[in-house]
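Work through the exercises below with the sequence and the coordinates at hand. Try each task before reading its solution.

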Amino acid sequence: MYLHVPFCAHICPYCDFNTYAGKGDLIPRYVGALEREIARHGAELDGRTAATVYFGGGTPSLLSPAQVGQLLQACRAAFALAPNAEITLEANPNGVETDYFAGLLQVGVNRLSLGVQTLSPRGLRALGRLHGPADAARAAAAARTAGFANISFDCIFGWPDQTLAVWREDLDRILAGEVGGSPPEHLSLYSLIVEPGTPMADAVKRGIVAVPDDDAAADLYETAMGVLANAGWTHYEVANWARDPALVSRHNRVYWRNGDFVGAGAGAHGTVAGRRWMNHPLPETYIAAVGRGEQPVATIERISPRVAMGETMMLGLRLLEAGISPSRFTERHGATLETTFGSTVAELAEIGLVTREPDRVRLTRRGLLLANDVCARFV
Ligand code: SF4
């Protein structure tokens, strides 16, 4: 289950997520609407178990532990929530203290994704973030003190004027446990994408800021791969590393395996049994629709078998070790990988971007650096 929290204290200049500043007053009504939507999905999907719950945003840490608990209670009432369910909440490092994290643990959250972004004050300014490096360290330490044993850090590389040395220093300091007293269990490292229509895109266009070009971004990425490999981390997905293979994000693995998930909340997407929907993006519209007893859905589509197969390839190739299993492909789609995509896979293997093994197809290191292009070949 993915629960979207579309509220932020302010909007970062590079952000194109569905989130809004200055609408915090809506949160209590929004939580009530989410509870109703969750109950509705539970009734429709009677008997299904949810293995993971993910509070994403926006800034889910703007919810109080009591509100998070209310939503988890709604999930438990609607679905047979697995006893060992992974329950993750994204938190920004501003103003979150030990009591807050203790409250989250108490209501059932067992994994945190902390938006560290970078330890460089200059980088945080360039990204328009409200927190400073000390806030990230303080938040991570508070989470540890409260008892969180599974913490992921989100970091961004490729921000304006970032150098390899600064990036390397971020990674070294994180691995040395300088952020919160011990290294995190998991790292998500995202390359900054300058999305059209954002203030950052405008600043780049006007020449006010310059972001690293593709080659420089690839150097930053390869630096991260080298540093984390030397430290013994598992690079299991294009942008994700785990300190131990058992610590991969179980929630995101559902996406990469092209599995079913319920998305609830404003602008959330969900896919269940070949039906995909997207909810109304505006929180007010979403709350009003739920209040009228309607499905808060903006668009709905049936996924054709051909599109579903392409998505299995596109998403599964992102899993670097596991890749795509031909037998699982057949089990899922009733057609063989060979008859559906054999020639594309052969072509990509020929130019060294994927390998074909009896039990899997996966990206090569070269393919990894061109992952988006390779994956796009299947859709
Ligand atoms: S905190 Fe995250 S979701 Fe909110 S505006 Fe910044 S980047 Fe977007």
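**Exercise 1. Classify the residues of the shell around the ligand as nonpolar, polar or charged.**

Solution. The model is a predicted one. Step one: list the shell. The ligand is surrounded by Cys8, Ile11, Cys12, Cys15, Phe17, Thr19, Gly57, Gly58, Thr59 and Asn92. Step two: sort them. Cys and Ile count as nonpolar, and so does Phe. Gly counts as polar. Step three: read off the result. The shell has five nonpolar, five polar and no charged residues.

**Exercise 2. Characterise the packing of helix H2 (residues 65-78) against helix H3 (residues 98-107).**

Solution. Take the axes to begin with. They come within 9 Å and cross at roughly 15°. Angles under 35 degrees count as roughly parallel, so H2 is roughly parallel to H3. The handedness of this crossing is right-handed. Next, the contacts. H2 contributes Pro65, Val68, Gly69 and Leu72, which meet Tyr100, Gly103, Leu104, Gln106 and Val107 of H3. By class, this contact holds six nonpolar, three polar and no charged residues.

**Exercise 3. Repeat the analysis for H3 and helix H5 (residues 133-146).**

Solution. The axes come within 8 Å, with a crossing angle of roughly 50°. This makes H3 oblique to H5. H3 passes H5 in a right-handed crossing. On the H3 side, the residues are Thr98, Phe101, Ala102 and Leu105. On the H5 side, they are Ala142, Ala143, Thr145 and Ala146. The class count is six nonpolar, two polar and no charged.

**Exercise 4. Describe how helix H1 (residues 27-44) crosses helix H10 (residues 283-291), and which residues meet.**

Solution. Distance and angle come before the rest. The two axes come within 9 Å and cross at roughly 50°. H1 is therefore oblique to H10. The crossing is left-handed. Now pair the surfaces. Arg29, Tyr30, Ala33, Arg36 and Glu37 of H1 meet Pro283, Tyr286, Ile287, Val290 and Gly291 of H10. Sorted by class, the contact has six nonpolar residues, one polar and three charged.

**Exercise 5. State the domain bounds, and how far apart the C-alpha centres of the domains lie.**

Solution. Begin with the assignment. It gives domain 1 (2-256) and domain 2 (324-376). Then take the centres. The C-alpha centres of domain 1 and domain 2 lie 30 Å apart.

Methods:
Residues are numbered from 1 along each chain as its sequence is written. This is a predicted model: local features need pLDDT of at least 70, side-chain atom pairs count only at pLDDT 80 or more; totals for chains, interfaces and linings use all residues. A residue is near a molecule or strand if its C-beta atom, placed from the backbone, lies within 6 Å of it. Axes are lines fitted to C-alpha atoms, for helices over the stretch in contact, and angles run from 0 to 180 degrees between N-to-C directions. Helices (H or I, at least four residues) and strands (E, at least two) are DSSP runs, numbered from the N terminus. Angles under 35 degrees count as roughly parallel, over 145 as roughly antiparallel, 65 to 115 as roughly perpendicular and the rest as oblique. A crossing is left-handed if the near helix is turned anticlockwise from the far one by less than a right angle, and right-handed if clockwise. Two residues are in contact if their C-beta atoms, placed from the backbone, lie within 7 Å. Domain bounds come from an automatic or database domain assignment.
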